[in-house]
Amino acid sequence: MSSSVEQKKGPTRQRKCGFCKSNRDKECGQLLISENQKVAAHHKCMLFSSALVSSHSDNESLGGFSIEDVQKEIKRGTKLMCSLCHCPGATIGCDVKTCHRTYHYHCALHDKAQIREKPSQGIYMVYCRKHKKTAHNSEVLLCRPGWSTVV
């Protein structure tokens with residue numbers, strides 16, 4: 001059945017990410033496509049999306065995220081314009097709560113935002129270029145010897 005779907009779409013048709021609308025696998029990680037081929041998203045675009053939480057369920061998942069949640073986040077992104085390219089789909093927000101900058105993952109990279117990634121702790125954060133010094137300074141304060149902090 002999947003081969004007939006492939007024939008209808010054409011062999012040269014290339015899928016694009018539902019978030020960033022690109023096929024920039026080198027910058028955004030692997031493009032993952034759902035089994036029914038209705039949802040496609042880069043791994044990094046999902047990891048850094050503000051309202052997307054990893055699902056530990058085996059039911060219909062895409063890179064560890066519920067397909068239903070990915071679809072909801074893509075829909076939410078249609079209302080969010082990127083601070084760099086001004087196109088919709090920018091679901092990655094600066095982690096300073098008062099900041100309204102939002103990005104596509106590759107736009108955050110191009111805008112020189114700070115990307116903080118600690119997969120072992122499930123931490124995926126972005127600080128816009130205006131707030132990356134703030135993020136660095138708070139990190140220094142949190143790491144002072146003798147201070148006990150919960151991050």
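Reader: In this predicted model, is His-86 buried or exposed, and what is its relative accessible area?
Author: His-86 belongs to the loop between helix 4 and strand 5. The cut-off for an exposed residue is a relative accessible area over 50%. His-86 passes that cut-off and is therefore exposed, with a relative accessible area of 58%.

Reader: What is the value of phi at His-86?
Author: Most residues other than glycine have a negative phi. His-86 is a residue other than glycine, yet its phi is positive. The value is near 65°.

Reader: Which loop holds Gln-37, a residue with a positive phi although it is not a glycine?
Author: The phi of Gln-37 is about 65°. At 22% relative accessibility, Gln-37 counts as partly exposed. Its place in the chain is the loop between strand 1 (31-33) and strand 2.

Reader: Why do the buried residues of helix 4 line one face of the helix?
Author: The buried residues of helix 4 (residues 67-77) are Ile-67, Val-70, Glu-73, Ile-74 and Gly-77. An α-helix has 3.6 residues a turn, so residues three or four places apart point the same way. On the other side of helix 4, Lys-72 and Lys-75 are exposed. The buried residues line one face because, viewed down the helix axis, they fall within an arc of 120°.

Reader: Which element gives the largest share of the lining of the largest pocket?
Author: The largest pocket has a volume of about 350 Å³. Helix 3 (43-48), strand 5 (92-93) and strand 8 (123-127) each give two or more residues to its lining. The largest share, 3 residues, comes from strand 8.

Reader: How many residues in the lining of the largest pocket are nonpolar?
Author: The lining comprises 18 residues, with Leu-47, Ser-49, Leu-52, Gly-122 and Tyr-124 nearest the pocket centre. Of the lining residues, 6 are polar and 2 are charged. The nonpolar residues number 10.

Definitions and conventions: Residues are numbered from 1 along each chain as its sequence is written. This is a predicted model: local features need pLDDT of at least 70, side-chain atom pairs count only at pLDDT 80 or more; totals for chains, interfaces and linings use all residues. Side-chain values use heavy atoms; hydrogens and water are left out. On a 1 Å grid over the protein atoms alone, a cavity is a set of points where a 1.4 Å probe fits but cannot get out, and a pocket is an open set with protein on both sides within 12 Å along at least five of seven lines; lining residues have an atom within 4 Å of a point. Grid points are joined across faces, edges and corners, and a volume is the space filled by probe spheres set on the points. Helices (H or I, at least four residues) and strands (E, at least two) are DSSP runs, numbered from the N terminus. Ala, Val, Leu, Ile, Met, Phe, Trp, Tyr, Cys and Pro count as nonpolar, Asp, Glu, Lys and Arg as charged, and the others, Gly among them, as polar. Buried means under 20% relative accessible area, exposed over 50%, partly exposed in between (1.4 Å probe, protein chains only). The arc is that of the directions from the helix axis to the C-beta atoms.
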